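Reader: I would like a close look at a single part of this model. Please take one residue, then its surroundings, and keep it brisk.

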Amino acid sequence: MKQLAGRVAVITGGASGIGRATASLLAERGCRLALADVNAEGLEAVAKGLREGGAAVSTHLVDVADAAQMEALPAAVVAEHGAAHIVVNNAGVTVAANFEDQSLEDLQWIIGINLWGVIHGCKFFLPLLKEQDEAHIVNLSSLFGFLGVPSQSSYCATKFAVRGLSEALWVELKDTNVGVTSIHPGGVNTNITTTMRGDDQELREASADALARSRGPEAVARKIVRAIERDRLRAIVGIEAYVGEWLKRLMPVRTQRLLANRMKNFAQRAD
């Protein structure tokens, strides 16, 4: 997109983490903001801070997994702002457990938010985006959209799917006014661990500790805004994400074997 000032940006998962950081950066660029989340208190706190900085912000209490709520969101955004030019499908959750230990409820929960939430955002906003002179969709994938990682099977399934959806959409929309980007961060210090599911407390704590030592969400927000401005198909955040993506390109099978051996050695040390 050549111009961000005056544009309307819709951000799901806007109450915290990457969503909040992206909202702040887009506000600095002069965007009006429509923030969606299930966390009403968090939404209002973020909106209050942005408004104090002079941004025009609306909040929308929406479960991205709920098709009816997401279908109603574009009209609500238009009622507040008159248009929508940017959609950042950011809301996400995770389950830390081996696949056989994840319940169907856990699988439905994570797929509903991580995949259906992205599908809903793309599907219901696309007609509105195509009415604009220029527009952009950003879908949050992950390093785990390149690598199949143990104890993150359902998360990987959703993030691989988001990458595939984004790449197909990019081709379909190549000659239109709508750009599409998939974002692939490595570790990011967000509150995703507060909603993380999984019965293995040690595994959950290890995952939380690893993310707590990771980069802040502002690094991802900067990549998101740059990708919108430069109409990038893909944006990768973090050296580990670059390395993981290149390993899968160069030796796709051996990379999975390396992961298996690493997990085996880790389990033996733990015993």
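Author: Start with T158. In this predicted model, T158 is buried, because its relative accessible area is 1% and buried means under 20%. T158 sits in helix α5. Leaving aside residues up to four places away in sequence, T158 touches I110, I111, N114 and L115.

Now the helix itself. Helix α5 covers residues 153-172, 20 residues in total. From its first C-alpha to its last, α5 reaches 29 Å. That is close to the 28 Å expected at 1.5 Å a residue.

An α-helix has 3.6 residues a turn, so residues three or four places apart point the same way.

Follow α4 onward. Helix α4 also meets helix α3, residues 67-81. Two packed helices are described by the angle between their axes and the distance between the axes. The axes of α3 and α4 come within 9 Å and cross at roughly 35°. The crossing is right-handed. On the α3 side, the contact is made by A67, M70, E71, L73, P74, V77 and V78. On the α4 side, G117, H120, G121, F124, F125 and L128 take part. By class, this contact of α3 with α4 has 9 nonpolar, 3 polar and 1 charged residues.

How values were computed
Residues numbered from 1 in each chain as written. Predicted model: local features only at pLDDT ≥ 70, side-chain atom pairs only at ≥ 80, totals over all residues. Heavy atoms only, no water. Helix = DSSP H or I, 4+ residues; strand = E, 2+ residues; numbered from the N terminus. Expected span 1.5 Å × (residues − 1). Buried < 20%, exposed > 50% of the residue type's maximum accessible area, 1.4 Å probe, protein only. Contact = heavy atoms within 4.5 Å. Axes fitted to C-alpha atoms, helices over the stretch in contact; angles between N-to-C directions. Left-handed = near helix turned anticlockwise from the far one by under 90°. Nonpolar A, V, L, I, M, F, W, Y, C, P; charged D, E, K, R; others polar.
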